[in-house]
Amino acid sequence: MSRFKKYALVLLAFIIILYAVAVANPGTVLSRKACSSWSLVKDQAFLMTHPRQDDNLKLPASFSIQPGTAEQVPVLMYHYITPQAYNDQPDNNSIINLEAFEEGIDYLYEQGYYTATLEELEQYVLGQAALPAKTVVITFDDGYQNNYIYAYPILKKYGFHATIFLIGSRIQAETTPFDPAKKSFLSQEEIEASSDVFEYHSHTYDLHHKEFIKCGLNYSSGFDTTNLEKDIAKMKELGIDSPYFAYPFGEKSTPMVYYLQKNSYRMAVTVHQGFVKPGDSPMRLKRLTVTSGTSMAELLQNEP
């Protein structure tokens, strides 16, 4: 019997045992652990027939970090910006006070930071290009209107570049009057007007909600890869057709990564905390959450 067949039989037996444990003990910690282990096994089985394109990523033989270039790059993550007077959820890390946001951006400017594009970050990760030692990537998720009202003029003042990962279904056909006390989203007109500062990429068309149940827990609807492929097509039809992606809630799965790559996505960001380095998996890049209480100086000097 070949080694592959032996492995397949052992794998099948393990799956059957895990399934029996989960069925016999529904709703228990043991059941959830069995389900999680089963999921890991299924992921490995999936990889046997659906290899990821970045599994064997290798830096060029000539690659080295030169003096004056970045050893690691912080990818900053923002969502919702509002003046402190309107922030009724001060403990929500997805909301940052406008005053704190401006202070952080001021710091980056005063310290001479370069704001890289996602294309530059991709080349850096692949070891194809260097970036200045003081480089940062600024990202926003979801596409709130306050990103245009508040962040755009501040970033433009300093000549900074940033990225917004848009939820396609929330893009407004017409611009609505801005009310800082209400949640609102970018219009097509505002997207076009701010393209000198922002680049726009996908945060799915309409999968930013948790309706996929796995091991008794709710996950992003993107875990259903049938929905994911349909959603990708809708986003591309909308005109957001780029190779860069942000996972809803930062949640990803092995099949998600495969189908994103199958549909020409080359790089994706999570919400896992950390810096980006050459040789990292392009489809699993870490970011740094910036909150109202964040010291930008400390954040950029210390890797979590």
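Which side chain does the side chain of Asn-146 make a polar contact with? I looked this up in the model, which is a predicted one, and found that the partner is the side chain of Asn-147, at 3.1 Å.

**The whole protein.** I counted nine helices and 12 strands in the secondary structure, and I noted that 47% of the 304 residues count as buried. Taking the contacts between residues at least 6 apart in sequence, I found that 67% join residues at least 24 apart. The protein exposes about 15,400 Å², of which carbon and sulfur atoms supply 52%.

**Helix α3.** I checked the length of α3, residues 98-110, against expectation: at 1.5 Å a residue its 13 residues should span 18 Å, and the end C-alpha atoms are 18 Å apart, which agrees. Its buried residues are Leu-98, Ala-100, Phe-101, Gly-104, Ile-105, Asp-106 and Leu-108, and I noted that their cover includes β1 (75-78), β2 (80-82), β3 (95-97), β5 (135-142), α5 (145-157) and α9 (296-301). Just after α3, I found Gly-112 with a positive phi of about 80°.

**Aromatic pairs.** My search of the whole structure gave 16 aromatic pairs. One of them is Tyr-109 with Phe-160, whose ring centres are 6.4 Å apart and whose planes stand at 55°, so I recorded the pair as tilted. This pair links distant parts of the chain, since Tyr-109 is in helix α3 and Phe-160 in the loop between α5 and β6 (162-166), 51 residues apart. Tyr-109 counts as partly exposed at 45% relative accessibility, whereas Phe-160 is buried, with a relative accessible area of 6%.

I then turned to Tyr-144 and Phe-185, which form a stacked pair, 5.0 Å centre to centre with 25° between the planes. Tyr-144 lies in the loop between β5 and α5 and Phe-185 in the loop between β6 and α6 (188-193), so the pair ties together parts that are 41 residues apart in sequence.

**Cluster and charge.** I recorded one aromatic cluster formed by Tyr-78, Phe-101, Phe-140, Tyr-148, Tyr-152, Phe-198 and Tyr-200; Phe-101 is also among the buried residues of α3. Lastly, I noted that Lys-236 lies over the face of Tyr-265, at 5.0 Å from the ring centre.

Technical notes. Residues numbered from 1 in each chain as written. Predicted model: local features only at pLDDT ≥ 70, side-chain atom pairs only at ≥ 80, totals over all residues. Heavy atoms only, no water. Helix = DSSP H or I, 4+ residues; strand = E, 2+ residues; numbered from the N terminus. Expected span 1.5 Å × (residues − 1). Buried < 20%, exposed > 50% of the residue type's maximum accessible area, 1.4 Å probe, protein only. Contact = heavy atoms within 4.5 Å. Areas by Shrake-Rupley, 256 points an atom, 1.4 Å probe, with all protein chains shown as cover. Polar contact = N/O pair within 3.5 Å; in protein donor to acceptor, adjacent residues only side chain to side chain. Phe/Tyr/Trp six-rings, centres within 6.5 Å; stacked < 30°, edge-to-face > 60°. Lys NZ or Arg CZ within 6 Å of the ring centre and 35° of its normal.
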